[in-house]
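Please read the following points beside the sequence and the model. Each point takes up one part of the fold.

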Amino acid sequence: MRDTLLIALYAFAGAAVTGLTGAAALRLLRRRSLTVSLAVVAAVGVGGVLTGTLAVAWAMFLSPHDLTVVTTVVAMAAVVSLATALILGRWVVARSRELAMAARSFGDGGDFAAPEAPATAELAEVSRELAATSARLAESRERERLLETSRRELVAWISHDLRTPLAGLRAMAEALEDGVADDPDRYLKQIRTEVERLDGMVGDLFELSRIHAGTLPLVPSRISLYDLVGDALAGAGPLAHAHGVRLVGDRVAPVPVEVDAKEMSRVLGNLLVNAIRRTPADGTVAVAAEPSADGVVLSVTDGCGGIPEEDLPRVFDTGWRGTDARTPPAGAGLGLAIVRGIVEAHRGRATVHNIPGGCRFEVTLPAAP
């Protein structure tokens, strides 16, 4: 028992010396290739056995013949271990380089394509994460492209919508100044109308800028949708009468919501004005509000004839006005973008879909507690 214990102690001491030497080597070579590290680990394993054997032999526990046999076996094991470590290291390094080359492609603006060669579980996990990151980057680039396109369209349309009334205001002002206006009162009334329209456009731009900056001030209060819809219908009544459009609001449940009454009135007003202007004379614009599984759904249905399917995803984009909306009173394409911004600021969502003869805009809001 005593000899066995001594053999174990000598073997452990020899292996410990080899292990400490290997740890120091790994620390010095930590920035080198993985192949070198694997070779060091294999050498530590075999060297530990050899060092322990020599320590035991030095303590006279092994005969010279037995020492020769053990040393030869350990030497052969060392050759095989080092060769295996080198092969494994070169294979892992090759897979890592392939993964790095594939990752470089989506870093330069392309899409990530995972290497087809088999890899370790860790490298396969890294490859899956890179593929997911590449997909998110592609979506982000597409959103950025669409936003940039929307900004350019907005600048172009705003410039056009500002230039037209400003040219008219200049012409009327010059006519009044030169005394050639045959009906000065009519000119003054038209000037006031154009100024109010320009003021509304500037107000929309300011509101949209606050929405995009996340600085839209909200003062939520508990209010019934019945009252909110009633006020909006009363405000849109004169415009509907002028266009010969009927307003219907008989499917409005008195459901309470916690919203900023002023901002939600603007949402309803924008939706109603948009629906009235798009609905032909003798048409109907219907407003409904009812509870749902997601909260409360407020809808505005018009008789515009529908929106092309390819345009539906862009309806709420800033500056979008459709292919048949290039002149006033279509506006600058800000109303629906403001609707979406205000609704999302209330943790809700705004959607649109076609129905027979028209389309329905729906605003989903969280129900009041």
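**Notes on the model**

1. D282 is exposed, its relative accessible area being 62%; here buried means under 20% relative accessible area, exposed over 50%, and partly exposed in between, for a 1.4 Å probe and protein chains only. D282 is found in the loop between α7 and β4. Its phi is positive, about 70°, although D282 is not a glycine.

2. This is a predicted model, in which local features need pLDDT of at least 70 and side-chain atom pairs count only at pLDDT 80 or more, whereas totals for chains, interfaces and linings use all residues. Residues are numbered from 1 along each chain as its sequence is written, and side-chain values use heavy atoms, with hydrogens and water left out.

3. The protein has eight helices and seven strands; helices (H or I, at least four residues) and strands (E, at least two) are DSSP runs, numbered from the N terminus. Of its 369 residues, 33% count as buried. Among contacts between residues at least 6 apart in sequence, 70% join residues at least 24 apart, where contact means heavy atoms within 4.5 Å.

4. R347 has a positive phi of about 60° and is not a glycine. With 69% relative accessibility, R347 counts as exposed.

5. Helix α6 (residues 225–243) has 19 residues and reaches 26 Å from its first C-alpha to its last, close to the 27 Å expected at 1.5 Å a residue; the expected span is 1.5 Å times one less than the number of residues. A kink of about 45° lies at G237, shortly before the proline P238. The bend at a residue is the angle between axes fitted to the seven residues ending there and the seven starting there. After α6 comes G244, with a positive phi near 70°.

6. Which residues of α6 are buried? They are L225, L228, V229, A232, L233, A236 and A240. These buried residues pack against β1 (221–224), β2 (246–252), β3 (256–259), α7 (261–278), β4 (284–292) and β5 (295–301).

7. V257 lies in strand β3 and is buried, with a relative accessible area of 0%. Not counting residues up to four places away in sequence, V257 touches S221, R222, I223, L225, V296, P366 and A368. The C-alpha atoms of V257 and L225 are 6.9 Å apart, although 32 residues separate the two along the chain.

8. Helix α5 (residues 184–213) and α8 pack at an angle of about 35°, with their axes 10 Å apart. Axes are lines fitted to C-alpha atoms, for helices over the stretch in contact, and angles run from 0 to 180 degrees between N-to-C directions. D204, E207, L208 and I211 of α5 meet A337, I338, G341 and I342 of α8. By class, this contact has five nonpolar, one polar and two charged residues; Ala, Val, Leu, Ile, Met, Phe, Trp, Tyr, Cys and Pro count as nonpolar, Asp, Glu, Lys and Arg as charged, and the others, Gly among them, as polar.

9. The axes of α7 and helix α8 (residues 335–345) come within 9 Å and cross at roughly 150°. In α7, the residues in contact are E263, M264, R266, V267, N270, L271 and N274, and in α8 they are G335, L336, I338, V339, I342 and V343. By class, this contact has eight nonpolar, three polar and two charged residues.
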